[in-house]
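Please read it beside the sequence and the coordinates.

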Amino acid sequence: MPWTKLYVERQEPHFDHDAGQAVRKLSYGEAIREALDQALAADPNVYVMGQGVDDPGGMFGSTKDLHKKYGGRRVFDTPLSENAVIGMALGSAMCGLRPVSVHNRPDFLLVAMDQIANHAGKWHYMFAGRVKVPIVIRACIGRGWGSAAQHSQALQSLFVHTPGLKVLMPTTAFDAKGLLLAAIADPNPVLYFEQRWLYKHTGDVPEEMYSVPIGQGVIRREGKDITIVAVSHMAVEALRAAEELAKLGISAEIIDPRSLKPFDEQLVLDSVKKTGRLLVADLSWKTCGFAAEVIATVTEKGFASLKSAPVRVTFPDIPTPSSYVLEEAFYPGVADIVSAARKMVE
Amino acid sequence: MNLTAEQIIRLYRSLIRIRKVEQKIEELYPRDEMKTPVHLSLGQEAVSVGVCSHLKREDYVFSNHRSHGHYLAKGGDLPAMIAELYCKETGCAAGRGGSMHLVDPQVGLMGSSAIVAGSIPHAVGAAFASWYRGDNRVAVTFFGDAAMEEGVFFESLNLAALRKLPVVFVCENNYYAVCSRLSARQVNERLTARAGAFDIPAYQADGSDLLSVYEQAGTAIAAARSGQGPVFLECLCQRWRGHNGIGDPGRENYRRSEDLDDAFRRCPVEIFKNKILAQNLAPEADIAAIDEAVDGEIEAAFLFAQQSPLPKKEELGRFLFE
C-alpha cells in the first residue's frame, strides 16, 4: 500500500487563505479530479466507477477524461443499479481493491441503503475485523434550478446515525482534495458528500498529494461571542454572516467540522467554552439531524459553558420545493444565521 | 463421471461432516448454550459439498443466513464455527457475528449476510477483483429461492453478465421462504429462465443427489473459470427443518404431507452412501472409519467451544473500524 509514505498531512488555516502566487488555485471540482487522478496513479488497486464517470462532462468535471488516462478497466460507467453497484464495490474491497463509487446525487443512495447501512457499515465489526471494506462513496448534493425534492437531499444525518460509516463533507477546494485522498487511503467505508454550489469556488490547492486528517475540524474564523458550527455550503453562508455580525459588534467563531463522523467534538467544546453560545447551521433537516447531534453533545459535555440555549439553523422538515420563490423560503442562509445569532447575543 | 475412490471418500467425508455437525447442534441446542438463531442445512448438505468440491482454496464464497454447510464445505475451521455458535471470543467472528455470519477469509469465505440476497452483489465484486488482477479465481454466491424475489438479484445478474465476470450464482431452491411456498411468491417455478433473460447459461441439479450437484457444478464452474462470464446453477433441494431453530413444529400446516414424505425419503447422505456401496465406489470399512473420525472431530470442536472464554464486555466497541 503506497499510502503511508506518500502522505503529508496538511492543515488549511483559513477558508479565505491566500498564499498568493506560491500556491496554485483550483476549483472544488478540479481538486476532486486531481485527488482521483493522483490516487489512481499511486495505487493500482484504486478504481473509479459510477454512472456517467466517463461521459463528456465527467460528473461536473470531477472525473473528466480520467478514463482516457487510466482506461476503461479502472474508470468506467455502470448500470443504474445503485444497490448492486455499491455491493460490487464492497465485494471487490473485501478482496483487496479500493473502489470509489460515484453517484450523481445522494438521493440515489437511498436505493442502495441496504448495501450501505446493512453491509458496508457492519462488515468489519460483524466479522471481527477479519474482512476489511475500504470503499469510498461519493455523491454531490444538489440545489437550485428547481431541483426539487428528489435531486437536492442532503442525507448525511442518516449515515452519521448508522454505525461503522465515516462521513465527510468538504467545503473548500483544499479540503475537497485532501479529504478525498484521506478517504481513499482509509481502510473503512467512507461517504464523501460534495455540494453542487461549492463547485464554483476556487482555492489554494497544493500540487502534491496530501491528506486532511479525518475527524479533525477547522476554525474558519476566530471569534469570542458565539460559536457557529457550519457544515459544507453552510460554512460559506456562516462566513458571510460573521461579516454582517462583525458590523453589529458581534464576534462569531466559525467552525467547519469537515468530518461529521468521526466528529471533532473537542474543537467545538473548547470554542463554546470561550464564547458561551452555540449555533449549528447544517444543510439537512432539523429533526434528528446533525445539528441536533452537535447540540446534544455540547449540552451533555459542555453545559456549564452555555450562556444561552443553543440554536439550529437547518432545513425545515419538509421536502425541497421546486419553484424558486419557495426555494428561497426553504433554504436558510446568511439572514437566518445573523438573525438567530443576534437574538442569542443581545 | 469418473471419480477415484479417494475423491469419493473426500466427498463423503465433507457430506457426513455437515450432517453430523447439524445433528449435534440440534441435539445440544435445547441446553440454551448456543444463544444464536440457527438455520440448519439438514437436507441441503449435498449442495454445499457438490459446489465447493470444485473450488480452490483461494476461490471466493459468499453465504447467507443458512451458512453452516457453505462454511464447512469450503474448508472453514470447525472449532471456530462452533465457538461462534457458543458466542465465544474464539469464534470465527469473535462472538460478533453468530450463526448467520460465519466467515473464514483464509479459505475464501468472505462473509455471510442475513439480509436475503445481500451477498449476491459481493460475489460480483469479488469476481471483478479477480478479473481486475487476472488471477483466475471464481466467486460463488449461495442463496435461496426467495432471494430471487429481491431486486439486487436481478441487478447483480445484469452487472455480472455485462462485464462477463466469473460469478457462480447458486440457488438452493428448497421451495420455502420461512413458511411461504414458492408458488405463493413467484409467477412460475422455472427459476433457470430468469438467468436466461440475461444470457447467462443455467444448469439444474438434483440437490439431494451429491453426484448430480457435483457434475452440474463442475460444468458450471469450469465455464465461469474459462472467462465466458457468469453461470447460474439451481439445486432443487429439501429443507428438513423449519426456517430456523431446531425441529419444525406445525410443519403439517404449511407443507403437504406427500412433500414431507418425499423430502425425508430423499436423504442426501443415504442416496450417496447407497450409490457408493451399490457401485462399489469405496470400501464400506472406509466409510465407517470416516464416520468415527468425524464424530471425534465434532466432539473436540464442541469441547473447545464450551471451554473457550466469552468476549470481554469492555471490548464491546472493538472492531468497529479498522
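## Domains of chain A

Domain bounds here come from an automatic or database domain assignment. For chain A, that assignment gives domain 1 (13–204) and domain 2 (218–345), and the centres of these two domains of chain A, taken over C-alpha atoms, are separated by 25 Å. The contact between them takes 26 residues from domain 1 of chain A and 24 residues from domain 2 of chain A, where two residues are in contact if their C-beta atoms, placed from the backbone, lie within 7 Å.

This is a predicted model, in which local features need pLDDT of at least 70 and side-chain atom pairs count only at pLDDT 80 or more, while totals for chains, interfaces and linings use all residues. Residues are numbered from 1 along each chain as its sequence is written, and chains are lettered from A and ligands numbered from 1 in the order in which they are written.

## The domain contact and His161(A)

On the side of domain 1 of chain A that touches domain 2 of chain A, H6, strand E6 (166–168), H7 and strand E7 (190–195) of chain A each supply at least two residues; helices (H or I, at least four residues) and strands (E, at least two) are DSSP runs, numbered from the N terminus. By class, this side has 15 nonpolar, nine polar and two charged residues, with Ala, Val, Leu, Ile, Met, Phe, Trp, Tyr, Cys and Pro counted as nonpolar, Asp, Glu, Lys and Arg as charged, and the others, Gly among them, as polar.

His161(A) belongs to helix H6 (residues 156–161) of chain A. His161(A) is partly exposed, because 15 other C-beta atoms lie within 10 Å; a residue is buried if 20 or more other C-beta atoms lie within 10 Å of its own, exposed if 12 or fewer, and partly exposed in between, with C-beta atoms placed from the backbone. The C-alpha atoms of His161(A) and Cys288(A) are separated by 9.1 Å, although these residues are 127 residues apart along the chain.

## Contact between the chains

The contact takes 33 residues from chain A and 33 residues from chain B. Helix H4 (82–94) and helix H5 (113–126) of chain A each supply at least two residues of the side of chain A that touches chain B, and H4(A) gives the most to that side, with nine residues.

Not counting residues up to four places away in sequence, Val140(B) touches residues including Val51(B), Leu55(B), Ala123(B) and Val168(B).

## Helices of chain B

Chain B has eleven helices and eight strands, and 50% of its 322 residues count as buried. Helix H2(B) is mostly covered, with eight of its eight residues buried, among them Glu45(B), Val51(B) and Cys52(B).

In H8(B), the buried residues include Leu210(B), Tyr214(B) and Ile221(B), and the buried residues of H8(B) pack against elements of chain B that include helix H1 (5–28), helix H2 (45–52) and strand E4 (167–173). After H8(B) comes Gly227(B), whose phi is positive, near 95°.
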